[in-house]
Amino acid sequence: MSVTNFCSADAQNGAAVRAKVTFQTIQEKKQSGRPITALTAYDYATARLVDEAGIDLVLVGDSLAQVVLGYDTTLPVTVDEMLHHTRAVRRAVKHAIVAADMPYGSYHVSVQEGVTNATRFVKEAGAEAVKIEGGANRVELVERLTDAEIPVIGHLGLTPQSVHRMGGYKVQGKTMAAVDGLLKDALALEDAGAAAIVLEGMPREVAQHITHKLNIPTIGIGAGPDCDGQILVFHDLVNLSFSKPAKFVRQYGDAAGVFRSAIEGYLRDVELREFPGESESYHLPKETRAALESASPIRRKA
Ligand code: KIV
């Protein structure tokens, strides 16, 4: 059975069969005007929740560097670290498309190295697609990956791997020249074979303009409501990012609050010797217990 042949496994277990999401599915969603849903995930537990909720696409984003590994930027995360987390997500996800971000440096030195690294995500971690940042400068790589049967998701606008070139995390595409540049990049990626494009950190009007000009789906983050779909970083969605949320983030839950109160409750109960209780303890059979106690009576502290 192939790693993505999940429907038959569900059917064998008698579970309701939910169709596997594919790039054809999200292309059809664009054509019929139904929004594409996407979220990042980096581990088994959260990826399961995201997939079971019915999200179309799970991205193992290089935002992993910041929200999971605690770096200031996405730049330090390595291919091996991304592979490790992609495998965990792969084990959890049965229906959504699993896409992996190619980290900084893994496709910037040469096209050949980019193809070699991308094939690792497919072969070693079960990714169904890779995401790369950049436009016209990535055309050859997108062509080569597409030729190697690897669906590619482009990423334009505020591209975090370009943080030093951009001079910070700034909204892109604010002048007509910049809008033209973004559109040219988007069309170049589509012509090269990209299966979808993430549009990040750009005015709503620009994302709408690009979305209308493209045949492939756009997935927006900080790019307004007119993209074909939306993506957010999981940790932003549930308040686990330890930073002031960006303007475009909507928090749908307070995981930090839930975790904090659980941790504080545990801490308190351990300190007061209220955890573990009698019902949370294992016991010897009666006779063995009696024998143990007569052999060495338990002395309680005064
Ligand atoms: O790394 C990431 O999480 C991303 C999304 C923000 C699209 O690239």
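A residue counts as buried under 20% relative accessible area, as exposed over 50%, and as partly exposed in between, with a 1.4 Å probe and protein chains only. Glu274, at 45% relative accessibility, is therefore partly exposed.

This is a predicted model, in which local features need pLDDT of at least 70, side-chain atom pairs count only at pLDDT 80 or more, and totals for chains, interfaces and linings use all residues. Residues are numbered from 1 along each chain as its sequence is written, and side-chain values use heavy atoms, with hydrogens and water left out.

## Salt bridges

A salt bridge is a side-chain nitrogen of Lys or Arg within 4 Å of a carboxyl oxygen of Asp or Glu. The structure holds 14 of them.

| Pair | N to O distance |
|---|---|
| Glu124 and Arg87 | 3.8 Å |
| Glu124 and Arg120 | 2.9 Å |
| Glu274 and Arg268 | 3.4 Å |

Arg268, the partner of Glu274, is partly exposed at 44% relative accessibility. Salt bridges that share partners also join Asp80, Arg87, Arg120 and Glu124 into one network.

What does the bridge between Glu124 and Arg87 tie together? Glu124 sits in helix α6 (residues 111-125) and Arg87 in helix α5 (residues 79-92), so the pair links parts that are 37 residues apart in sequence. Helices here are DSSP runs (H or I, at least four residues), numbered from the N terminus. Glu124 and Arg120 are both in helix α6. They are 4 residues apart, which puts about one helical turn between them.

How exposed are these side chains? Glu124 is partly exposed, with a relative accessible area of 37%. Arg87 is partly exposed at 28%. Arg120 is partly exposed at 25%.

## The ligand

Which residues surround the ligand? They are Thr40, Leu59, Gly61, Asp62, Ser63, Asp101, Lys131, His155, Val198, Ile221 and Val233. Each has a heavy atom within 4 Å of the ligand. This shell divides into 4 nonpolar, 4 polar and 3 charged residues. Val, Leu and Ile count as nonpolar, Asp and Lys as charged, and Gly is among the polar ones.

A polar side-chain atom of Ser63 lies 2.5 Å from a ligand oxygen. For Asp101, the distance is 3.1 Å. The protein covers 96% of the 260 Å² of accessible area that the ligand has on its own. Such areas come from the Shrake-Rupley method with a 1.4 Å probe.

Methods
A polar contact is a pair of N or O atoms within 3.5 Å; within protein, one must be able to donate a hydrogen and the other to accept it, and residues adjacent in sequence count only if both atoms are side-chain atoms. Helices (H or I, at least four residues) and strands (E, at least two) are DSSP runs, numbered from the N terminus.
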